[in-house]
Amino acid sequence: MGSSHELTRNGHKDVSLQELSDRLAEFAQLRGWEEYHSPRNLLLALVGEVGELSEIFQWKGEVARGLPNWTSDEKEHLEEELSDVLLYLIQLADVCGLDLGQAALTKIVKNARKYPVTNKTTASTTN
Ligand SMILES: Nc1ccn([C@H]2C[C@H](O)[C@@H](COP(=O)(O)OP(=O)(O)OP(=O)(O)O)O2)c(=O)n1
């Protein structure tokens, strides 16, 4: 079941949170930035990037799934801002000593218990 060989739906090698976490730790360590990467500072940086992400959608009105009318430059910008949010989120979890991947899986299970599937919400009845 070698999960490291799994491909994403776009044919790329799957990227693990652990790999991103390791790369980010090395990035900060090489620059001597670890002292600045406190939980509070990373949270503020994360919120700032969420703001930049929001700006992309600001005043656009409703946006269709798949972003059919967006230019490749706009999509690239969105990829960058989504990545900034993800990278700060991972670093925040790391400096808090938390396993974000496991926590997210646990939360999905908890969400499923809180919101049980009913006939009204199953895909077969909504499509
Ligand atoms: N102390 C820092 C500074 C930056 N980064 C990383 C995480 C983000 O992925 C990216 C953020 O870099 P910038 O602060 O330069 O923000 P932007 O890339 O959004 O640039 P700009 O605000 O000019 O659009 O760099 C980091 O890990 N730790």
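Me: Which residues surround the ligand?
Reply: This is a predicted model, in which local features need pLDDT of at least 70, side-chain atom pairs count only at pLDDT 80 or more, and totals for chains, interfaces and linings use all residues. Residues are numbered from 1 along each chain as its sequence is written. The ligand is surrounded by Trp33, Tyr36, Glu52, Asp84, Leu87 and Tyr88.

Me: How many residues of the shell around the ligand are charged?
Reply: Asp, Glu, Lys and Arg count as charged, Ala, Val, Leu, Ile, Met, Phe, Trp, Tyr, Cys and Pro as nonpolar, and the others, Gly among them, as polar. By class, the shell has four nonpolar residues and no polar ones, and its charged residues number two.

Me: At what angle do H2 and H3 pack?
Reply: Axes are lines fitted to C-alpha atoms over the stretch in contact, and angles run from 0 to 180 degrees between N-to-C directions. The axes of H2 (residues 39-57) and H3 lie 9 Å apart, and the angle is about 160 degrees.

Me: How are H2 and H3 oriented to each other, roughly parallel or roughly antiparallel?
Reply: Angles under 35 degrees count as roughly parallel, over 145 as roughly antiparallel, 65 to 115 as roughly perpendicular and the rest as oblique. With an angle of about 160 degrees, H2 and H3 are therefore roughly antiparallel.

Me: How many residues in the contact of H2 with H3 are nonpolar?
Reply: Two residues are in contact if their C-beta atoms, placed from the backbone, lie within 7 Å. The contact includes Leu42 and Leu46 of H2 and Leu82 and Val85 of H3. Two of its residues are polar and four charged, while the nonpolar ones number 15.

Me: What is the mean pLDDT of the protein?
Reply: The pLDDT is the predictor's confidence in each residue, from 0 to 100. In this protein 91% of the residues reach 70 or more, and the mean is 92.

Notes
A residue is near a molecule or strand if its C-beta atom, placed from the backbone, lies within 6 Å of it. Helices (H or I, at least four residues) and strands (E, at least two) are DSSP runs, numbered from the N terminus.
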